[in-house]
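Morning, everyone. Please look at the structure on the screen while I talk. I'll take a strand and its partners, then a pair of helices.

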Amino acid sequence: MGYRNAQEIFPEGLLKQIQRYVSGETIYIPAREERKGWGETSGYQRYIRERNEEIRSAFAKGQSIEELMEKYALSYDSIKRIVYNRRETAMLKYSATLSSAKAYAEAGKLDAWIHLYLNEEGRNIPFSDGLKLFDRYYFSPAQFPIRLFTRCTGPEPEMKYRVDKDWWEHRIAELEKSVKADDDMPPLIVHYADGAFELNDGNHRHKVYENLGIEKAWVIIWITEEAERDDFMEKYGEYVKECKVIRR
């Protein structure tokens, strides 16, 4: 078997990388095996898998997407795809619906559904990041009277988050059509603390339900402190007696 000078074959940059491992010796480079996936021989795919697992682990422990972007020199979309990789829940099909939320809850992954929803349809990434700062109690979707919840978003002067009146009315009108046509709307997301509810996500739907005379809605309740969970169960446990509760 003959040999060729590596300087005649490899680009200078690549040759310098090879010389870090071997120099002045004859080496054998086997023919490529088409059946192997790209990167299998070099171990690159293994490195990517291990790196992605590290990223998912760090994310689960509370590191934000921005922190992971800086640490691993990856874009926001790249980190997002890694931490919310739906192949991790291969038997679950995500959609912004009540039935999908219930399926995730049944699998013990309700928090994964919440973060997927907030990062996509909910368009509320700061809320998603905030939830990951501490472990929370999440109650699987249950029906609650909507009278228990007060909107914090709307055009009214007393609203915590005020929006343009014309846009609000347009959005409500469009959403009313959706609610009438589809009973698989995503659940409201509500925080319970200090003996009170805060409607975090679903203010538009809440208003639509009021307009349409719908008295009960499907709701995901999240709570941070154990004492608050106990207080919630004492006052409102009847609504979640068949619910699954996870702590993430």
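Start with strand β1, residues 137–145: eight of its nine residues are buried, so the strand is mostly covered. Buried means under 20% relative accessible area, with a 1.4 Å probe and protein chains only. Strands here are DSSP runs of E, at least two residues long, and helices are runs of H or I, at least four, all numbered from the N terminus.

This is a predicted model: local features need pLDDT of at least 70, side-chain atom pairs need 80 or more, and totals for chains, interfaces and linings use all residues. Numbering starts from 1 along each chain as its sequence is written, and side-chain values use heavy atoms, without hydrogens or water.

What does β1 pair with? One partner is β6, residues 216–223, antiparallel, through seven bridges. Pairing takes at least two DSSP bridges between the strands. There, Phe144 faces Ala217 of β6. Another partner is β7, residues 245–247, also antiparallel, with three bridges. Tyr138 sits opposite Ile246 in β7.

**Helices α8 and α9**

Now α8, residues 165–181, and α9, residues 203–211. Their axes come within 9 Å and cross at roughly 70°. Axes are lines fitted to C-alpha atoms over the stretch in contact, and angles run from 0 to 180 degrees between N-to-C directions. So α8 is roughly perpendicular to α9, a term for angles of 65 to 115 degrees.

Who touches whom? Contact means heavy atoms within 4.5 Å. Among the residues that meet are Trp168 and Leu175 in α8, and Val208 and Tyr209 in α9.

Methods:
Buried means under 20% relative accessible area, exposed over 50%, partly exposed in between (1.4 Å probe, protein chains only). Angles under 35 degrees count as roughly parallel, over 145 as roughly antiparallel, 65 to 115 as roughly perpendicular and the rest as oblique.
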